[in-house]
Amino acid sequence: MYSTGAVENRLFVYEVVGLSQKGVTNDSVNPIRRSGSVFFTVPYRRMNQEMRRIIRMGGQIVSIKPLNGDTPLQVTANQLTGNSPASAQPQSTEKTNGKVMTQAKAKNTDIPVNIYRPNKPFIGKCIENYPLVAEGGLGIVQHLTFDLSEGDLRYIEGQSIGIVPPGTDANGKPQKLRLYSIASTRHGDHKDDKTVSLCVRQLEYKHPESGETVYGVCSTFLCNLGIGDDVAITGPVGKEMLLPEEEDATIIMLATGTGIAPFRAYLWRMFKEQHEDYKFKGLAWLIFGIPYTANILYKDDLEQLAAEYPDNFRLTYAISREEKNAEGGRMYIQHRVAEHAQELWDKMQSPKTHTYMCGLKGMEDGIEEALGSIAAQNGIAWPDFVKQMKKEHRWHVETY
Ligand SMILES: Cc1cc2nc3c(=O)[nH]c(=O)nc-3n(C[C@H](O)[C@H](O)[C@H](O)COP(=O)(O)OP(=O)(O)OC[C@H]3O[C@@H](n4cnc5c(N)ncnc54)[C@H](O)[C@@H]3O)c2cc1C
């Protein structure tokens, strides 16, 4: 059921035919063009005004659907053909059951969680550990693969596992687990369902008082693992970063540093693996922020995929210490996002688009900086837009 307040905050998608491209691009409501139809996302309070504008321009409204798919609008034949002034009102009688949207959470029951807990972790073996940062790059980042064949650990793309480092903490207690995003698909790097891979940066910082270099406990343990070494694994956990089931979705991925991990899993599933259980036909767009070219993790693979699948995979870098933004400062991910703001905004209007963000804590603020003004130009406050997308399970954030 709607309360008036809830309706007023809602967005609706108009499908319109019969408009010229020229006629729509000057307006603040952003159109998305697909096979003869143009789709507009319209805030509730502008619905009548927008309907009149479309009619004035000779357009015909084919359908009006709420962006979140909860409740359809009942629009009369006259309104659809533009013969009567618009007064479409949301009706409370029927649920569409999410037909107009994609939901990453639709089948949560199939998601494996906590198969192994910290009091009885799975002991896997390290079978791969190789560096991902090229010469001249900053820090140490390793790609690690663990053998799972002796256990029951299963996972899907977008989940994390816990690693319990050996030894005790400063209080003499056993070390606590640390979470790491899984970087492989559910079938594993060897495509045999028997491995899991991570992308781990060794934490290194100067102690604020002593000035001594401090290395993180678990990340150092992982980065130094030898082939055949044991590793205590828990999980999997996480439902925030799952891919939607729809194979024609648009997947926007915003990554900084090791935030690439879940996106490697997605891209391998979409393009590299070509497993019979998933045939991606949509668009994946990765915007990847790193300090130097030498820090582009999985660079060769990413560029090969971009070259091989130009219609389905777009790759954009923001190389902060080599490239300059429009103001002459460092090119961070938010500057790249700002450069593509219109296009990203247009894509985000589609119910088929999911946006994912992974990496450095605080990334979200930069993205708001980059897209806030385009949202405002469209009469929507960015936090409200994000809230709406979260509600629709189209906005996914994992930062640490
Ligand atoms: C959901 C999730 C997914 C993650 N995925 C990944 C991943 O894919 N790859 C990855 O590398 N990491 C990932 N992490 C981070 C990871 O869990 C660990 O936090 C990280 O590896 C550091 O653990 P550590 O044991 O090495 O450091 P610790 O020994 O635990 O040290 C960390 C502590 O050091 C202190 N510290 C850190 N930096 C500074 C500083 N600059 N100045 C002063 N003090 C500081 C803080 O007190 C901090 O709590 C993820 C975290 C989460 C929550």
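Serine 320 is buried (under 20% relative accessible area, with over 50% counted as exposed and values in between as partly exposed; 1.4 Å probe, protein chains only), because its relative accessible area is 8%. The model is predicted: local features need pLDDT of at least 70, side-chain atom pairs count only at pLDDT 80 or more, and totals for chains, interfaces and linings use all residues. Residues are numbered from 1 along each chain as its sequence is written, and side-chain values use heavy atoms, with hydrogens and water left out.

Serine 320 sits in the loop between β17 and α8 (333-339). Helices (H or I, at least four residues) and strands (E, at least two) are DSSP runs, numbered from the N terminus. Contact is defined as heavy atoms within 4.5 Å. Leaving aside neighbours within four places in sequence, serine 320 is in contact with Ile290, Pro291, Arg330, Met331 and Tyr332.

The UniProt annotation "binding site", from an unreviewed entry, covers Ser181, Arg201, Thr258, Ser320, Arg321, Gly359, Leu360 and Glu398. UniProt positions follow the numbering used here, feature names are shortened, and annotations may be inferred rather than shown by experiment. The lining of the largest pocket includes Ser181, Arg201, Thr258, Ser320, Arg321, Gly359, Leu360 and Glu398. A pocket is an open set of points on a 1 Å grid over the protein atoms alone, where a 1.4 Å probe fits, with protein on both sides within 12 Å along at least five of seven lines; lining residues have an atom within 4 Å of a point. Glutamate 398 belongs to strand β19 (residues 395-399). Residues up to four places away in sequence not counted, glutamate 398 touches Ser160, Ser181, Met241, Met357, Cys358 and Gly359.

The protein chain has 11 helices and 19 strands. Of its 400 residues, 51% are buried. Among contacts with a separation of 6 or more, 70% join residues 24 or more positions apart.

Beyond its neighbours within four places in sequence, leucine 267 contacts Met253, Lys272, Ala284, Leu286, Leu302, Leu305 and Phe313.
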